[in-house]
Amino acid sequence: MRDHLFISYATEDWPFVEWLALRLTAEGYRVWCDRIKLLGGESYPKDIDEAIKNRTFRFLAVLSRHSVKKTNPLKERTLALNLARERKENFVIPINLDGLSPSDLDWMVSDLT
């Protein structure tokens, strides 16, 4: 069942992401965030992939100067954007944390509003 908001971010942005996750949870949303949902010893790439594909109804992409340079947030965004195209739905919600301009973003994300 796709009933979670998935938060994709760079570790440097954790203070904001923690606030966001707690706020969304307080509003009644189920949030999937690696620091909240993953347990020690789990295969995180497999669990993240499964969560994005099968448990997420909206993907929150926290875009920052850190996250646009990191491999894992890029992989997560790419998967989410491909799922959005495949499902023909508004799946990805970008959150521009640092006020990035479109030229700061990769080509797949730059046209999101």
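Visitor: How many bridges join strand β1 to strand β3?

Guide: This is a predicted model, in which local features need pLDDT of at least 70 and side-chain atom pairs count only at pLDDT 80 or more, while totals for chains, interfaces and linings use all residues. Residues are numbered from 1 along each chain as its sequence is written, and side-chain values use heavy atoms, with hydrogens and water left out. Strands are DSSP runs of E with at least two residues, helices are runs of H or I with at least four, both numbered from the N terminus, and two strands pair if DSSP finds at least two bridges between them. Strand β1 (residues 4-8) and strand β3 (residues 56-63) run parallel, and the number of bridges joining them is five.

Visitor: Which strands stand at the edges of the sheet?

Guide: Four strands form an open sheet with parallel pairing, in the order β2-β1-β3-β4. One side of each edge strand is left without a neighbour in the sheet, because each has a single partner strand, and these are β2 (30-32) and β4 (92-96).

Visitor: Is H4 buried or exposed?

Guide: H4 is found in strand β1, and its side chain is joined to that of D3 by a polar contact of 2.7 Å (a pair of N or O atoms within 3.5 Å, one able to donate a hydrogen and the other to accept it, where residues adjacent in sequence count only if both atoms are side-chain atoms). Buried means under 20% relative accessible area, exposed over 50%, and partly exposed in between, using a 1.4 Å probe and protein chains only. The relative accessibility of H4 is 1%, so H4 counts as buried.
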